[in-house]
Amino acid sequence: MRLAADVFLLVGGLFSFLGALGLLRMPDVYNRIQAGTKAATLGALSFLIGVGLLQPEWWTKLVCIGGFILFTNPVGSSTIARALYLAGVRPWQPGSAETAAGQE
Amino acid sequence: MSLNLLEIMAFALMGAALLLGLIRLLLGPKAPDRIVAADTLSVITTAGIAGVGVVLGNVLYLDTALIYGVLAFVAVVALARAIEGNRT
């Protein structure tokens, strides 16, 4: 049980780290939304599963937190992307931007 | 509870993820990059608070994590609406 919990915790930490790395390395704000949201959602859910395997009597609150993350994180990212699109931020084109951090 | 090596590695990865997100939050070229970084940081922090609750052995940290997630979601949606309102 402890080993399974450790594996879930490690997978969660790894995916959170990869999501943050994608947040740092992606060239565009839309790419950053995509990398940050998907990888961080999977990482957070896996980390919560690991916590639930370590402390099995906490599962109700952990299911509440996990369901809340699973529900609100795509909604928040979609709201940010829609606001950016309506505000006139154009997606990054591979030939037009010369630096990785530059937009417009 | 005492941590073994795998759990220390997992918490170190979470800390490194928070550090990378904080770098993007500090040097994001424009405001949308900072908002996206804050969104990702809030999700990672919500899971991290639950991990802190496991380490310290207190179930109240889960309530803290839930309230933190709710407030971060409301803040992100409000900031996105603020960006959207600037388009005129």
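Of the 88 residues in chain B, 42% are buried, a residue being buried if 20 or more other C-beta atoms, placed from the backbone, lie within 10 Å of its own. The model is predicted, so that local features need pLDDT of at least 70 and side-chain atom pairs count only at pLDDT 80 or more, while totals for chains, interfaces and linings use all residues. Residues are numbered from 1 along each chain as its sequence is written, and chains are lettered from A in the order in which they are written.

Chain B has three helices and zero strands, arranged α-α-α from the N terminus on. Helices (H or I, at least four residues) and strands (E, at least two) are DSSP runs, numbered from the N terminus.

| Property of chain B | Value |
|---|---|
| Radius of gyration | 16 Å |
| Span of the C-alpha trace along the principal axes | about 55 × 25 × 15 Å |

A compact globule of 88 residues would have a radius of gyration near 12 Å; the radius is taken over C-alpha atoms, and the globule rule is 2.2 Å times the number of residues to the power 0.38.

Between the chains, 46 residues of chain A are in contact with 44 residues of chain B, contact meaning that the C-beta atoms of two residues, placed from the backbone, lie within 7 Å. On the side of chain A that touches chain B, two or more residues come from each of α1 (2-25), α2 (29-54) and α3 (59-86) of chain A. The most, 15 residues, come from α3(A).

Terms used: A residue is buried if 20 or more other C-beta atoms lie within 10 Å of its own, exposed if 12 or fewer, and partly exposed in between; C-beta atoms are placed from the backbone.
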